[in-house]
Amino acid sequence: MEIKGKRALVLGGAGLVGRSTCRLLVEEGVTELVISSLKEEESITFINELRQEMDTRGVRLVPVGGNLFVRQEMKDLSRTDIFNHPERKDRFIRDVIDPLTPDILQQSWLYQILQNYQPHIVIDCVNTATAVAYQDIFTAASELYELLQANPSVQTDLIGSRTGDLIGTLYIPQLIRHVQVLLNGMKSGGTSIYIKVGTSGTGGMGLNIPYTHSEDKPSRMLLAKSAIAGAHTLLLFLMGRTPDGPIIKEVKPTAAIAWKRIAYGPVMVKGKPVLLTDCPPGSAFPLEGELAPVLADPSRFNVLKDKETPRYLEAPFIDTGENGMFSLGEFEALTEEGQMEFITPEEISRTIIWEIKGRNTGADIVNALDNATMGPTYRAGYLRNRALEKLRELETIHGVDSVAFEMLGPPKLSKLLYETYILKRIMGGFEQILSTSDVELSAKMTQWVSENEDYRARILSIGIPILLPDGKSILRGPVIKVPGGTHSHHLSPALTDQWARDGWIDLRPSNMAVWKKRIQAIISSAESVPGHDTSSRIVRDHQYWFSPGDGQIHIGKVAAWIFINEEKGERMKA
């Protein structure tokens, strides 16, 4: 696509790759460039640098700050600030594990950014895998388990607090929610293309990577990062197969990314200089008892000072941006041939720009997966009819119709299949259904349910309730699939309508009207195909629905049509 004149949003825009990408976007002539980073001051500082480096006239530069993984009200808080506040922690956890409601979506800071600026282009340079995986689920789980083992009768509120901490570090729910919010925000904001700068987690090295974060080789944290990076890639792969969404691409550097600057000065760790502390031989610690990895009491050490001023670690360094500062020795080892080696941010950014403009770089992971995956085959399609014929033959031999087992899901599929099946049994075909009143259809379906104990039991036993015509009572089995879970729900007419749509067989006349509208739409779509059109253009023509000598309703075809047309669940790619 053409970049000139477009609005662009760069997530992680103040980082190493983000900065390089922003410079190229300015050169390409975007009219608005929104630069998002964790801290707004980082975006402001970079915008000031941009204005000094290059001609930014004609480009509206917008700084945005805040955590993209939380709601707007918590965007400027640290994880500690959120988790040390019971109400905030509860809200954070609920935002991650609850179903995606309009409130959760609209309060998300990421969603609000996408809505406020409605970018044509979104380039995501945030190291999402690190942000999610480095919350350290291992330590949280270990601490909770040790707490339980050592204190069987420990205070409930302490157990609850640590359990909440553990739930709040679960990786996959956070990643899924992030992707849900991202896609919804881009679709409603009119984004045309989204490019993710991903990671392999190991700088392109294998499980033998010697650079790690602990004594493990490789560390569990590092492998968690790689696992999340892979999960994220596959979610993007699925996002790219979602109709009506933006074009989805991922560029995944597999080397260290460097560099931002080379200088002499204080060495910063997590934004703070390293205090020089000394432990002379006369103050040695005896190796007895327990060895504490962290000693909080600073008086146990000698702080080096120049007169009364504490000294900090200073040395020549190379600043690699988000990955931190490396010494000459570290950088030399890391980038040696046969080690992690490195790639420059400018090379990554140039690839991003080329991908936006439609060049074939060969570096798009989503496209590579598309080309490498195995899709539907001619052989499977050829054998499909044989499988369907065999199933129908077994139905006839055993006198049992195979409708739904509620293993495939969702419950709505079982509901639709059984409602279609009952309509087929009582009326025969589409035309007979359309010529019968809503009230009469409701009465006939109710009579069929009452008289057919075996099929009624089949329906209830797989967890699908049957809502009776008055809308005030249901037939049910021991377990119902909608609403799910184990806790009780307060009833209301609105919830009854929702549950009936989502997974209850609905015998009310109002549902008969819905079915007649669907059937009329099916017939109209079939009749709209010109009789002389025998090309491959149309799949569901008159013959598809009304095969010669076969006046039956095929319940699977009807359910698939509903999923495609009402649920917008059509497959986009082969």
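This is a predicted model: local features need pLDDT of at least 70, side-chain atom pairs count only at pLDDT 80 or more; totals for chains, interfaces and linings use all residues.
Ala-231 is partly exposed, with a relative accessible area of 23%.

Why does Ala-231 count as partly exposed rather than buried? Buried means under 20% relative accessible area, and Ala-231 has 23%, so it is placed in the partly exposed class. Leaving aside residues up to four places away in sequence, Ala-231 touches Ile-172 and Leu-175. Take Leu-175: 56 residues of sequence separate it from Ala-231, and in space the two C-alpha atoms are 8.4 Å apart.

Now the whole chain. The protein chain has 574 residues, and 40% of them are buried. How many helices and strands does it have? There are 23 helices and 20 strands. The C-alpha trace spans about 100 × 65 × 40 Å along its principal axes.

The contact between Ala-231 and Leu-175 joins residues some way apart in sequence, and there is a figure for the chain on that subject. If you take contacts between residues at least 6 apart in sequence, 73% of them join residues at least 24 apart.

The accessible surface is about 32,000 Å², and carbon and sulfur atoms account for 54% of it. As for charge, the chain carries 63 positive and 70 negative charges. The mean position of the positive charges and that of the negative charges are 5 Å apart.

Next, empty space. Rolling a probe the size of a water molecule over the atoms shows where empty space is left. How many cavities of 30 Å³ or more does the structure hold? There is one. The space in this largest cavity is about 180 Å³. It is lined by 14 residues, and those closest to its centre are Phe-69, Val-70, Ser-108, Arg-177 and Val-181. Two elements give two or more residues to that lining: helix H4, residues 86-97, and helix H10, residues 171-189. Helix H10 has the largest share, with four residues.

Three helices each supply at least two lining residues: H15 (378-398), H16 (411-427) and H23 (555-565). Which helix gives the most? That is H23, with seven residues.

Now some backbone details. Two cis peptide bonds are on my list. One runs from Ala-258 to Trp-259, with omega near 5°. Trp-259 lies in the loop between strand E7 (256-257) and strand E8 (261-266). The other joins Val-482 and Pro-483, with omega about -5°. Pro-483 is in the loop between strand E19 (474-475) and helix H20 (493-503).

Then two residues with positive phi. Gln-118 is not a glycine, yet its phi is about 40°. It is found in the loop between helix H6 (109-117) and strand E4 (121-124), and its relative accessible area of 35% makes it partly exposed. Glu-341, also not a glycine, has a phi of about 60°. Glu-341 sits in the loop between helix H12 (328-334) and strand E17 (342-343). At 34% relative accessibility, Glu-341 is partly exposed.

One last residue. Asp-124 lies in strand E4. Is Asp-124 buried or exposed? Its relative accessibility is 1%, so Asp-124 counts as buried. Again leaving out residues up to four places away in sequence, Asp-124 touches Leu-11, His-178, Tyr-194, Ile-195, Lys-196 and Val-197.

That is where I stop.

Key: Residues are numbered from 1 along each chain as its sequence is written. Side-chain values use heavy atoms; hydrogens and water are left out. Buried means under 20% relative accessible area, exposed over 50%, partly exposed in between (1.4 Å probe, protein chains only). Contact means heavy atoms within 4.5 Å. Accessible areas come from the Shrake-Rupley method with a 1.4 Å probe; for residues, only the protein chains shown count as cover. Lys and Arg count as positive and Asp and Glu as negative; His and the chain ends are not counted. The place of a charge is taken as NZ of Lys, CZ of Arg, CG of Asp or CD of Glu. On a 1 Å grid over the protein atoms alone, a cavity is a set of points where a 1.4 Å probe fits but cannot get out, and a pocket is an open set with protein on both sides within 12 Å along at least five of seven lines; lining residues have an atom within 4 Å of a point. Grid points are joined across faces, edges and corners, and a volume is the space filled by probe spheres set on the points.
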